[in-house]
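Dear colleague,

Please find below the structure that I am handing over to you. My notes on its pocket, salt bridges, surface and distances follow it.

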Amino acid sequence: NSGDKPLIIYSVTPTCGCTAAEPPKEPILPGQQGVIKGAFDSNGRTGTNNKTIRVRANTSNGMDHHLNFKVEVEKKVNS
């Protein structure tokens, strides 16, 4: 948190059912760091997957933000 007030993350919302996210439980104090935990279920999703998690927080440059990530899932090779 580079601000001068506690950062409060109100919600984290994945844009699809294959992604889950969990916000920090406590406000993030100035100068401190927090973690948004995310998980992606790659079952049946081979190839390139672009996913987004929407974050709503008390930030000065607007409340709504997007965390975007790209995952390459390789096809499982049978032994």
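**The largest pocket**

The lining of the largest pocket comprises 2 nonpolar, 8 polar and 2 charged residues, where Ala, Val, Leu, Ile, Met, Phe, Trp, Tyr, Cys and Pro count as nonpolar, Asp, Glu, Lys and Arg as charged, and the others, Gly among them, as polar. Please note that the model is predicted: local features need pLDDT of at least 70 and side-chain atom pairs count only at pLDDT 80 or more, whereas totals for chains, interfaces and linings use all residues. Residues are numbered from 1 along each chain as its sequence is written, and side-chain values use heavy atoms, with hydrogens and water left out.

The lining consists of Asn1, Ser2, Gly3, Asp4, Lys5, Pro6, Leu7, Asn58, Thr59, Ser60, Asn61 and His65. The space in this pocket amounts to about 240 Å³. A pocket here is an open set of points on a 1 Å grid over the protein atoms alone, where a 1.4 Å probe fits, with protein on both sides within 12 Å along at least five of seven lines; lining residues have an atom within 4 Å of a point. Grid points are joined across faces, edges and corners, and the volume is the space filled by probe spheres set on the points.

Asn61, one of the lining residues, sits in the loop between β4 (47-57) and β5; strands are DSSP runs (E, at least two residues), numbered from the N terminus. Asn61 is classed as exposed because its relative accessible area is 63%, given that buried means under 20%, exposed over 50% and partly exposed in between (1.4 Å probe, protein chains only). Between Asn61 and Cys16 there are 45 residues of sequence separation and 26 Å in space, C-alpha to C-alpha.

**Salt bridges**

The structure contains 2 salt bridges, each a side-chain nitrogen of Lys or Arg within 4 Å of a carboxyl oxygen of Asp or Glu. In one, Arg56 and Asp64 meet at 2.5 Å, N to O. Arg56 is partly exposed at 34% relative accessible area, while Asp64 is exposed at 53%. In the other, the closest N and O atoms of Glu22 and Lys25 are 3.1 Å apart. Glu22 counts as partly exposed, at 34%, and Lys25 as exposed, at 69%.

**Nonpolar surface patch**

Ile8, Tyr10 and Met63 make up a nonpolar patch with about 270 Å² of accessible area together. Patch residues have over 30% relative accessible area and no salt bridge; nonpolar side chains (Val, Leu, Ile, Met, Phe, Trp, Tyr) are joined within 5 Å, and like charges within 9 Å. The areas come from the Shrake-Rupley method with a 1.4 Å probe, and for residues only the protein chains shown count as cover. Tyr10 belongs to strand β1 (residues 9-14) and is partly exposed, at 48%.

**Separations in sequence and in space**

Strand β2 (residues 19-22) includes Ala21, which is partly exposed at 22%. Ala21 lies 6.8 Å from Ile36, C-alpha to C-alpha, with the two 15 residues apart in sequence. Ala20, also in strand β2, is partly exposed at 40%. Its C-alpha is 8.5 Å from that of Asp41, at 21 residues in sequence.

Lys70, in strand β5 (residues 64-73), is exposed, with a relative accessible area of 58%. Lys70 and Thr48 stand 22 residues apart in sequence and 7.0 Å apart from C-alpha to C-alpha.

With kind regards

Key
Helices (H or I, at least four residues) and strands (E, at least two) are DSSP runs, numbered from the N terminus.
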